[in-house]
Structure formats: structure tokens, C-alpha cells
Amino acid sequence: MTKGHQGHLNGVKMALRILVGCKRVIDYAVKVRVKPDKMGVVTEGVKHSMNPFDEIAVEEAVRMKEKKLASEIIAVSCGPQQCQETLRTALAMGLDRGIHVEISGKDYETLQPFHVSKILAKIAEEEKVDIIFLGKQAIDDDCNQTGQMTAALLDWPQATFASKIEKNNGDLMVTREIDGGLETINVKLPCVITSDLRLNEPRYATLPNIMKAKKKPIAKKSPADLGVDVSPRQEVLSVEDPPVREAGSIVQDVDELVSKLKAAGVV
Amino acid sequence: MKRVCTRQFRNLTRLRSFGEVREKISRSINHVCLSRRSLHGSACRLGELELTSVRYPHVQRGKYATLTEKDVDFFQKLLPQRVLQDPSELDGYNIDWMRTVRGNSQMVLRPKTTSEVAEILKYCNERHLAVVPQGGNTGLVGGSVPVFDEIVISTQLMNQIISLDEVSGIIVCQSGCVLETLDNYLAERELMMPLDLGAKGSCHIGGNVSTNAGGLRLLRYGSLHGSVLGVEAVLASGEIVDCLSSLRKDNTGYDLKQLFIGSEGTLGMVTSVSILCPRRPKAVNVAFLGVENFEAALQTFQLCKGMLAEILSACEFMDQESMQCIQENLKLTNPIKSYPLYILIETSGSHGSHDEEKLNVFLEAAMGKGIVQDGTIAMDVTQRQNIWGLRERIAEGLLHDGYNYKYDISLPLPKLYEIVEDMRQRLGSKVTRVVSYGHLGDGNLHFNVTTPEYDKEVLGLIEPYIYEWTSQVRGSVSAEHGLGFKKRDCIRYSKEPNAVKMMVKMKKLFDPNGILNPYKTIPL
């Protein structure tokens, strides 16, 4: 059971410490190809960038700092050397410093939300953060698990699929996107929040900030430093393309439609 | 006259009330309603677009034949199911993308092969029937649509890629291939088309070649006169001129293909092309910068030419009025704050970190010297596409204002913006918007004025003033758009009389009956 560092709660000012997860994924606009050995997708030479939902989380953290609700906002990324670029993007958007948890090779290929959530929980404790901001899911695996697992490990409340965040005295009022529409809940701090698409529109990093970002510190850690075991808990059997969509055909009338459906054995 | 009335009535029966029908009939017969034309889903006026023959009454129809039943039979036999005559389908072929000119063609032909094109032209030449070769119909000077009742020959169905040599990067394809389709095909093989323009999703390569299209990457890959290796075209007589070589170097005889490149379909109809395609860059970076004035824009360009050098692939500019236009009409967002002028710089190279290093050093220098006030670098592909969208969609945004007076001039760089400031003062509040944007790297200004509707007075204020201004500084009155119909009388501002005389002689040699795209490009 852990409680994060309580910000100064009297009246309006809050000095929250926020940790933002930034995952390096294959760029949203790139066409993904399956490797010839069918054990994964091609990542060599392919354009990578920050997970779009994480960008939204970064933007929200920066806005909270601008509104003087947050005092320090830290970016964290787990992965190979190139994650430093992802962290630099977060810093260019306005985060204060970065933490790179270096994991590469086989360990990185089998890294799962289970491992990442343990890493994030440990860092959150060490850095005494009040809010962990994550994207609701990554566009490469679509797991939608890291936020929830992290909250469970820390025994913190979680507000997932957030589309609006407001302060409510010492707590946060979060509007969530759910199947039936919108749900508004009151969340006590410390907490985990995962961002959904409509939370905000991430800013473009401006040149002065891009240059300032070069001087911001990025600390390097390993999973061992954090006492986290990243040995694989899953084995990938195969990765395949979805079946090719067959061409449709135009039918003359309802009778023909029915006979075609019968022939296909669906009625 | 009779045919027009019949078509008129068919359109009218689609109107709601009989009262409306009566009202329309009582107006001048030549005003025809646009029945299904909606532009980008905007609420902009589905008003009545005048026929070109009405708006430009001084243009006389040439001594060409008119379509007869016998002609229609011939074409229907030659191209079964590929002859369009239904008036509701013809609008798209009769009206240009800018909705400023409207022809009165009664028939669209859609051949699939070069030999079909040859048969068509042979027949039309014997019958003295005028034709308009048409690709994607995205031209901006009214060159792609009929003026009177010329037959439209569309390359829509000539969209086969014939071959691609991945080692040399030479692609051979029919002239009806859409530019973007070709680019996507090449992308899978790590190649790219040597040209890129806003109309890429609709324009045909045949049209690009026939108009010597420039575009966004001319700065890096040069003009089509250099990257087109071969052209197969059909002459007015129906003879096929096969200069479709796929050789990088071939100095045997006169280089005929150069005549078809840029002659806007008046010397022959291009049916196939072979193009040299560069390798697709592994690393692309896009920066969007804000500067205070044109002086600073020129300094930025100078600096980036020096510091970015071989990786520079595009350098475009746009002014604050262009930004306002796309913000208001298309709801796009400005990634930085408002500045009088914006510059878009793109780098393309084979090594990501090398290029980023160069770009960062350049940007630090530009900011440090105070030339650039602010800017942003695209962090991912989506941001890159959005930033390019700001520049590429200005033309689309302008159309939402109503009527667009579009000019495309080449001027000596230092003078490029002087003309804009001059015209802005001259036009004052008579117009909705005066915007300018263009290819800074090529010294090419796209100057645009918009009004809610076509206004002869405004046109009179702009022309011929802008042409004379351009002529005085020895600029070109049409840098890349061509002359088409709208600028057919403007050639004298940029070409000497003897040169024009030669062009007229050549036209008579290639097309003695003048059936290919008449009333366009050069004054006869």
C-alpha cells in the first residue's frame, strides 16, 4: 500500500508530481509488414514515433503544469537506445526531465504490460509521484492493460479512457468515455489516469522548446536497478496478415441475394 | 440550339416545383443549372455557371463539324459501353476543377488503348471534329475542358502500368494513371515519382506531362523535361509517334518527346510515358517556420540552401492571409503562432540522424540570427502530413470563398512579394481575399484573389495590370500552370513575336485541321 507525495492542497494551488509514460511505436501512418519468418513485424528501418495516446497524455501533463496544478512532470520510456528520441519529443513538448529504462534485444521483444507496469510502479514510488499519466493503449499491441495493472500494483485508484480532467478541491474529477456514453467520477490522489482520444489535441513542439529540450536531463536505468524481472511470460507462436478481403459482387435482386447466401451456407 | 433545349429541359425536370420550372425556362436558355455538383461538401453556391461561350463572347467557334448520328454510331461500335452522352454525366467533363469555365460537349469517349485513341483521332481528323484530351481535369487555366462542343477524349480507362525496372528506376505506364497511384506503387519498391502536387489524388500522368507540371519537388528533382525519358503520342492524323524509349541517354536525332511535354495537348495526345524515378528517401523531415517579412524569407532560403544543400527537397512559402483562409474555410490549425509569412522546408535524405543534425544546426543558426521568429519540426508522419496539408490545401480553401482569380507567375526572387503588396493596395476592399503562396525555391508565386461571385470589374483591375507588371521585370506570366484557355492571349507578355510565329507554324504542321484542343495555348 503506498501513498504518493501529497501536493499542497489548501485552496487552489496544487504542486502535483506527474509521471508520463511514452512508448516508442511504429508510426501511425506507416504500413506494417509481417516479417518473412512470421515471428513478428518488420521494425528495421521503419519510422517510429511516440504512441499517439501517449502524446495526448504528455499534452495533458504540460497543460496541468501551465495551469500551475503540477510542479514537476517526468517522462519515462522503456526500450532500446532509440527511446531517447521519444523522450526528447516529450521534453520538447514541455516535460521537465526523462527516465529511460533501457531494455533491448530479446528482452524488448517479449516485454509485456505486466513488466512495464511493475517498472512504472517502482519509478512512481521512487519519484514520489501523485499522478501516473498513460495512453489508454499502444497502437502496436492494443493491449489496454498497463494503466490498469499499474494502479492495481500500487493499490491506487484508476481513471481510464479520460476525456476530461478537472480539479475538484484536493481530488480530480475525470470524465471517462464508456460504452454507454460519458461517466464522470471523482478520483482521489494519488491515481493512475489513461488518456483517450478526445482529451486534448497535442501541440506541435516549437523550435525554442526543441532546443531547450536538448539540455534537459535523461536518466538511464535498467530493470535490474528497479528490481524488476523482465523474463518473458509469453511465447509468440506466429504473426500473420489478416485474410485478404475478397471482392464483393453486385446482385440483380433479392432472389439472387438469397440464392447466393444459401449457396454460401449462411442461410 | 435544339440539343441545348432538350438537355435544358431534362435538367429542369429535376427541380421541385412547376413554378420553379417556369421561372427557369423564362430565363436565358444558356444558363444551365448545376444539378449535382457539390464542392467538397461545402455550402458554397451551387449557383449557375455560365457557359464559356457566354462569358467570353468574343471567342468564335471554329469551322468544325457537329456530331451526327453516324458519328455516334461509329464511336459506339469502336468503344462499346465507353461512350458517355447522358447530360447528367457530362457536367464533370465539361466543367473545370476551379468552376470557372464550362464547355458544352455532347460526348465523352473513354478509350483503353493507344490504337483506340489512334482510330478516334483519325476519324475526327477526317470529319473535322474538334477534340479535347482530358486527364484528371485538375488543370487551373481551363485547358482541360471544351470551350464549345468539342468531343472529350478521357484517359480515365488508360490506367495500366506497363513495366517497372527496379534497378534503373524507370517506369513505363499509360497516360491515364493517377499520380498518387503511381507513387504508391513505387513506394512499395522504395522508389518515388519525381513530381508531387496538391492534385496528386486526381491528376493523370498524361496531363502532368502534357502541361509540364511543376509542383512541390521541382527544386530537388527538376522538371519533367528532364525526368520524362520517353513519350508515346498520337497525332491529329491518327499516326502514332512512338518515342517511348526507356533509355537514360539517347542522342539520336531531334528529341521529339520534348514537343509533347508542355504543349497542353495541342500537338498530340500523350498515350504512354516512361519516367525516371528517384529512390524514395529513407529520412524525411519537415519544418514549418514563421518570419516577419519577405526579406527574412529570402534570407532563410539563402541560409538553408547553404546549410541544408543536398538534402533540401522543398522550400515553400505562404502568407498570413493564406493561413487565415484555410483556418476559416477548412478548419485547419496553425501549429505555431501568427506571423506575416510562413516557410515550409522539407529535407530528404538517406540517413536520418545526418539529416536531423543538419536541420537542427540550420534552425539554430536561423533562430540565432533572428531571421526566423518561431517554428516547429514534425515529430511524426501524421504531423508531417498535416503541415504539408497547410500548404497543399490552400487552393481548395480558396474555392470556398466563391470565385477565384488565380495567377501563377515567375519573377526574379527579390521582386516576388512586391507585386503582392502592390495588388493588395490596388484591389482594396473590393475583394474577399488576396492571398499569395508558392515555391520560394523556384521563384514562383501563386497569386490569388477571391470574390463571392465572378466580377468583371475586379477582373479588369487585375488584368492586364498583373501581366504588364510581370512583363516589365521579365518574368513569366505562367510559371507552371500553362496557358490553356484563360491565358491563351497572354503569351506575348513572356515570349517574343518570332518565337510565337514558330509555334504557330509547328501547330499547323502537327495539326493542319486544328482539331486538337482548339482555342487554347497559342493564339492562331
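Biologist: What is the relative accessible area of Arg393(B)?
Modeller: Arg393(B) has a relative accessible area of 31%, so Arg393(B) counts as partly exposed. On this scale buried means under 20% relative accessible area, exposed means over 50%, and partly exposed lies in between, with a 1.4 Å probe and protein chains only. This is a predicted model, in which local features need pLDDT of at least 70 and side-chain atom pairs count only at pLDDT 80 or more, while totals for chains, interfaces and linings use all residues. Residues are numbered from 1 along each chain as its sequence is written, chains are lettered from A and ligands numbered from 1 in the order in which they are written, and side-chain values use heavy atoms, leaving out hydrogens and water.

Biologist: Which side chain does Arg393(B) meet in a salt bridge?
Modeller: Arg393(B) meets Glu396(B), at 3.0 Å from N to O, where a salt bridge is a side-chain nitrogen of Lys or Arg within 4 Å of a carboxyl oxygen of Asp or Glu. Glu396(B) counts as buried because its relative accessibility is 16%.

Biologist: And how many salt bridges are there over all chains?
Modeller: A search of the whole structure finds 44. One of them joins Arg217(B) to Glu346(B), with the closest N and O atoms 2.8 Å apart. Arg217(B) sits in the loop between α8 (205-210) and α9 (218-221) of chain B, and Glu346(B) in strand β14 (residues 341-349) of chain B, so this pair ties together parts that are 129 residues apart in sequence. For these names, helices (H or I, at least four residues) and strands (E, at least two) are DSSP runs, numbered from the N terminus.

Biologist: Are Arg217(B) and Glu346(B) buried or exposed?
Modeller: Arg217(B) and Glu346(B) are both buried. They also belong to a network of salt bridges that links them with Asp196(B), Lys200(B) and Glu392(B).

Biologist: Over to chain A, then: which side chain does Glu126(A) meet in a salt bridge?
Modeller: Glu126(A) meets Lys221(A), at 3.8 Å from N to O. The pair links distant parts of the chain, since Glu126(A) is in helix α4 (residues 113-127) of chain A and Lys221(A) is in strand β11 (residues 218-221) of chain A, 95 residues apart. Glu126(A) is partly exposed, at 38% relative accessibility, and Lys221(A) is partly exposed too, with a relative accessible area of 23%.

Biologist: How many residues of helix α2 of chain A are buried?
Modeller: Nine of the eleven residues in α2 (residues 83-93) of chain A are buried, so the helix is mostly covered. The buried residues include Cys83(A), Leu87(A), Ala90(A) and Met93(A). Just after α2(A), Gly94(A) takes a positive phi of about 135 degrees.

Biologist: Which residue other than glycine has a phi near 55 degrees?
Modeller: That is Asn169(A), whose phi is positive. Asn169(A) lies in the loop between β7 (158-168) and β8 (171-178) of chain A, and counts as exposed because its relative accessibility is 66%. In chain B, Thr521(B) also has a positive phi, near 65 degrees, but Thr521(B) is buried, with a relative accessible area of 7%. Most residues other than glycine have a negative phi, and most peptide bonds are trans.

Biologist: Where is a peptide bond cis, with omega near -5 degrees?
Modeller: That bond runs from Leu189(A) to Pro190(A), and Pro190(A) is in the loop between β9 (181-187) and β10 (191-195) of chain A. Another cis bond runs from Glu463(B) to Pro464(B), with omega near 0 degrees, and Pro464(B) lies in the loop between α18 (456-462) and α19 (465-472) of chain B.

Biologist: Last topic: what does Ala283(B) touch?
Modeller: Not counting residues up to four places away in sequence, Ala283(B) touches several residues, among them Thr347(B), Gly349(B) and Asp355(B), where contact means heavy atoms within 4.5 Å. Ala283(B) lies in strand β12 (residues 283-291) of chain B, and Ala283(B) is buried, with a relative accessible area of 10%. The C-alpha atoms of Ala283(B) and His354(B) are separated by 9.4 Å, although these residues are 71 apart along the chain.
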